[in-house]
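Thanks for coming. I will go through a few local features of one model, and you can follow along on the screen.

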Amino acid sequence: MNPTPQSAENTPSRPATGFAGRLDRYFRVRERGSTFAREIRGGLATFFAMAYIIVLNPLIIGTAEDMNGDTLGLAPVAATTALVGGVISILMGVISRYPFAIAAGMGLNVIVAYTLAPQMTWADAMGIIVLEGLVLLVLVLTGFRTAVFRAIPPELKTAIAVGVGLFLALVGFVNAGFIRRIPDAANTTVPVQLGSGSLSGWPILVFVIGLVLTIVLIVRNVRGAMLIGIVVATVVGVAVEALAGIGPMSDGQGNTNPDGWSLTVPQLPTSPGDLVAVPDFSLVGQFSLFGSFAHAGTIAVILLVFTLLLADFFDTMGTMVGVAGQARLLDEEGNVPRAREVLIVDSLGTIAGGAASASSNTMFAESAAGVGEGARTGIAPIVTGVLFLVATLFSPLVELVPFEAATPVLIIVGFMMMTQVTKIPFQDYAIGIPAFLTIVVMPFSYSITNGIGVGFISYVIIRTAQGRLRDVHPLLWIVSAAFVVHFALGPIESLLGL
């Protein structure tokens with residue numbers, strides 16, 4: 001499915017010279033079997049697969065109320081979301097030289113909006129994010145974070161990559177509205193269904209057109225297949241909306257339209273002046289590092305930081321393994337060479353996200369969309385980052401791409417990551433069962449972190465039952481114990497009266 005590193009298409013006939021040659025050597029473009037054209041296409045594909053965060057993050061962070069009933073606002077959060085995603089993605093590309101893009105993390109922003117903010121002011125909540133990022137940075141600089149990564153058995157690393165693939169595919173299907181929650185799930189044992197009971201509505205058709213077109217282009221080895229699929233599906237979506245006037249699935253006022261667009265409505269701006277919007281960066285620097293301790297208490301803040309830390313720590317690890325594995329950039333033991341640089345930038349993204357009130361920024365699994373286009377180096381996230389910065393000015397163009405046009409890429413990438421499952425020896429139950437649990441819990445619980453935690457705990461339990469304690473790295477005992485605390489956090493908080 002992916003071009004091999006030594007293919008003639010990937011490798012230029014002779015080395016580039018001058019500035020291009022220096023870029024080639026620094027980013028190891030030829031060495032990794034890529035080309036500048038592939039990197040640019042990969043950066044574009046990753047951006048379009050991630051651009052929804054510029055719209056979705058403000059809807060979560062910008063509209064939630066803190067303890068005083070204050071909100072951050074849609075426009076300022078949209079601006080800082082794009083700003084931090086752009087700067088840190090560029091930094092990731094330059095420093096790590098890997099095709100990993102960064103933006104405000106989904107899931108983490110929900111914790112911030114609906115767990116942190118109600119207990120304190122927004123400045124205090126963002127201060128907790130900064131504190132978490134500083135702790136992450138210390139763990140990286142001391143070597144602890146990298147040591148944990150290396151302590152994981154290679155087969156479980158592969159299972160993490162496969163699980164991330166299935167998680168991405170489910171995210172794609174759900175975001176497109178192809179798979180939906182059953183409205184009254186209490187009256188049935190089935191939690192989800194196909195569409196609204198059947199496939200109906202123009203947006204679903206746009207998704208299907210994009211998915212089928214992308215599959216056809218990929219099996220015919222067409223360059224830029226995923227990017228072409230996104231563009232064509234977006235054009236179809238714009239035409240459909242112009243002719244049918246479908247509107248969104250929800251108008252934010254409690255009115256729903258099951259056959260509407262999932263999030264962004266692909267409408268062309270009514271006037272040229274609507275293409276450009278002056279970004280509002282007033283939220284940058286609006287955080288209080290220790291204010292949360294006064295409002296929530298020391299123990300509560302420590303537990304909140306621990307929850308965010310664990311989710312951020314292992315979401316990044318899972319994404320890094322999955323995307324690097326898809327790009328064939330792992331070493332023989334399933335490790336990412338020079339992972340320290342990757343994790344340092346990721347930690348800086350968390351700090352920057354809190355400092356700019358954009359929520360914790362973390363590595364996006366959607367980076368695999370760029371890898372699917374052939375990206376193998378840091379040039380791709382630089383392209384993605386530049387587009388994020390441009391999006392601070394041209395947000396209407398970003399909002400032009402509906403979920404239904406972008407998510408087919410996630411389905412295809414999920415398939416590509418799934419192909420690694422053949423490396424797992426399922427006949428060895430001590431590895432096979434933890435790997436299986438890792439793979440299935442990620443999509444079923446809608447959390448990369450939960451999948452990793454269940455996999456680690458089950459691996460430790462099975463090795464203990466076999467009397468093979470020496471096969472478990474000491475750090476895995478520590479991490480598994482931390483996950484036990486994570487899963488039992490509710491009872492622990494009740495016990496402490498929090």
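Tyr 446 is in the loop between helix H19, residues 429-445, and helix H20, residues 448-465. The model is a predicted one. Tyr 446 has a positive phi of about 60°, although it is not a glycine. With a relative accessibility of 38%, Tyr 446 counts as partly exposed.

Arg 338 is another residue to look at for its backbone. Its phi is positive, about 60°, and Arg 338 is not a glycine either. Arg 338 sits in the loop between H12 and H13. Its relative accessible area is 29%, so Arg 338 is partly exposed.

Pro 337 lies in the loop between H12 and H13. Pro 337 is partly exposed, at a relative accessible area of 33%. What does Pro 337 touch, leaving aside its neighbours within four places in sequence? It is in contact with Tyr 98, Leu 329 and Asp 331. As for distance, the C-alpha atoms of Pro 337 and Ala 324 are 9.9 Å apart, and the two residues are separated by 13 residues along the chain.

A pair of aromatic rings is described by the distance of the centres and the angle of the planes. The count of aromatic pairs in the model, taking ring centres within 6.5 Å, comes to eleven. In the pair of Tyr 98 and Phe 100, the ring centres are 5.4 Å apart and the planes are at 15°, so this pair is stacked. Are these two residues buried or exposed? Both Tyr 98 and Phe 100 are buried.

Phe 173 and Phe 207 make an edge-to-face pair, with 6.1 Å from centre to centre and 70° between the planes. Phe 173 belongs to helix H8, residues 154-175, and Phe 207 to helix H9, residues 202-219, so the pair ties together parts that are 34 residues apart in sequence. Phe 173 is partly exposed, with a relative accessible area of 22%, whereas Phe 207 is buried, at 1% relative accessibility. The cut-off for buried is under 20% relative accessible area, so Phe 173 does not count as buried.

There is also an aromatic cluster, formed by Phe 47, Phe 48 and Phe 388.

Two arginines sit over rings. Arg 32 lies over the face of Tyr 98, 4.8 Å from the ring centre. Arg 97 lies over the face of Tyr 26, and here the distance to the ring centre is 4.2 Å.

Now the helix packing. Two packed helices are described by the angle between their axes and the distance between the axes. Take H8 and helix H18, residues 408-418: their axes come within 8 Å and cross at roughly 160°. An angle over 145 degrees counts as roughly antiparallel, so H8 is roughly antiparallel to H18. The crossing of H8 past H18 is left-handed. On the H8 side the contact includes Ala 161, Val 162, Val 164, Gly 165 and Phe 173. On the H18 side, Leu 410, Ile 411, Val 413 and Gly 414 are among the residues that take part.

At what angle do H6 and H12 pack? The angle is about 55°, and the axes are 9 Å apart. H6 and H12 are therefore oblique to each other. Their crossing is right-handed. From H6, the residues that meet H12 are Ile 128, Ile 129, Glu 132, Val 135, Leu 136 and Leu 139. From H12, the partners are Val 301, Leu 304, Val 305, Leu 308, Leu 309, Asp 312 and Phe 313.

Thr 316 is also in H12, which covers residues 298-326. Its relative accessible area is 0%, so Thr 316 is buried. Apart from neighbours within four places in sequence, Thr 316 is in contact with Arg 145, Leu 343, Asp 346, Thr 362 and Met 363.

Which residues of H7 are buried? They are Arg 145, Thr 146, Val 148, Phe 149 and Ala 151. The buried residues of H7 pack against H6, H8, H12, helix H13 at 339-355 and helix H21 at 474-487.

That is the end of my list.

How values were computed: Residues are numbered from 1 along each chain as its sequence is written. This is a predicted model: local features need pLDDT of at least 70, side-chain atom pairs count only at pLDDT 80 or more; totals for chains, interfaces and linings use all residues. Side-chain values use heavy atoms; hydrogens and water are left out. Rings of Phe, Tyr and Trp (its six-membered ring) pair if their centres lie within 6.5 Å; planes under 30 degrees apart count as stacked, over 60 as edge-to-face and the rest as tilted. Buried means under 20% relative accessible area, exposed over 50%, partly exposed in between (1.4 Å probe, protein chains only). Helices (H or I, at least four residues) and strands (E, at least two) are DSSP runs, numbered from the N terminus. A charge sits over a ring if NZ of Lys or CZ of Arg is within 6 Å of the ring centre and within 35 degrees of the ring normal. Axes are lines fitted to C-alpha atoms, for helices over the stretch in contact, and angles run from 0 to 180 degrees between N-to-C directions. Angles under 35 degrees count as roughly parallel, over 145 as roughly antiparallel, 65 to 115 as roughly perpendicular and the rest as oblique. A crossing is left-handed if the near helix is turned anticlockwise from the far one by less than a right angle, and right-handed if clockwise. Contact means heavy atoms within 4.5 Å.
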